[in-house]
Amino acid sequence: MQTRPASRIGPIAAVAGAIFLFLGTYLHPISADPNVPLAAFTEYAASNYWVAIHLMQMFGVVLIAASLVLLSRRMMDGPAAEWATLGAAGAIASVAISSALQAVDGVALKVMVDTWKSTPEPGKGAMFDAAFGVRQIEVGLASMTSLMLGLTAAIYGIALLIDGRFPKWIGAVAVAGGVPTAIAGVVMAHTGFSNQSMVIGMPSDSLLILWMIALGVYGWKSPAN
């Protein structure tokens, strides 16, 4: 029986998602310390492309999750089927919590900081407090998003190492990027957008973006594996 070649939708989604997520992150305003609300809110209110940037990040996560679900499907006939199933569940959950994060960060917070910026005294202080409350919801969602994405990547790394159809280094990179990303989520839950969480999270996030590109490129070159 002739084996039908696997679709290249997954590899395309992996690379495209990584690019969209990278561009959205690169364009995100980062001059102000995110753990200093006054400076951060002032910078966010001045951004004309805040919503578009966060929608770009969301689109990147959706494409990445789609590629991972399709990767799980490819591994269902191998020794890593159970790990692949767990990974697919994590990818879907990551889209859900990331969507909630972008709804708060990309939409609600922008409305709040714009309103705060334009509100005259004496109501300005109350609007700042309201925006700060939305910010705390964002911190909670961001920490859980980092934790979920990190665990999902690590699970896929284990699945790839067990499956054996991909180079071992691709699975190892997923684990190496996923574990610190999950740890960054835990640190963020305790300290907010602190230097500690950024130092842990930013390098590991970059590593995971490179992992997705590598996964997509290899999947494109070896569609029948």
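This tour visits helix α7 and two helices that pack against it, α3 and α1. The model is predicted: local features need pLDDT of at least 70, side-chain atom pairs count only at pLDDT 80 or more, and totals for chains, interfaces and linings use all residues. Residues are numbered from 1 along each chain as its sequence is written, and side-chain values use heavy atoms, with hydrogens and water left out.

Begin by selecting residues 195-221, helix α7, together with residues 50-74, helix α3. Helices here are DSSP runs (H or I, at least four residues), numbered from the N terminus. The two pack at an angle of about 50 degrees, and their axes lie 12 Å apart. Axes are lines fitted to C-alpha atoms over the stretch in contact, and angles run from 0 to 180 degrees between N-to-C directions.

Next, display Ile64, Ser67, Leu68, Leu71 and Arg74 in α3, which meet Trp211, Met212, Leu215 and Gly219 in α7. Contact means heavy atoms within 4.5 Å. By class, this contact has 6 nonpolar, 2 polar and 1 charged residues (Ala, Val, Leu, Ile, Met, Phe, Trp, Tyr, Cys and Pro count as nonpolar, Asp, Glu, Lys and Arg as charged, and the others, Gly among them, as polar).

On the α1 side, the contact includes Pro11, Ile12 and Phe22, and on the α7 side Ile209, Met212 and Trp220 are among the residues. This contact has 12 nonpolar, 2 polar and no charged residues.
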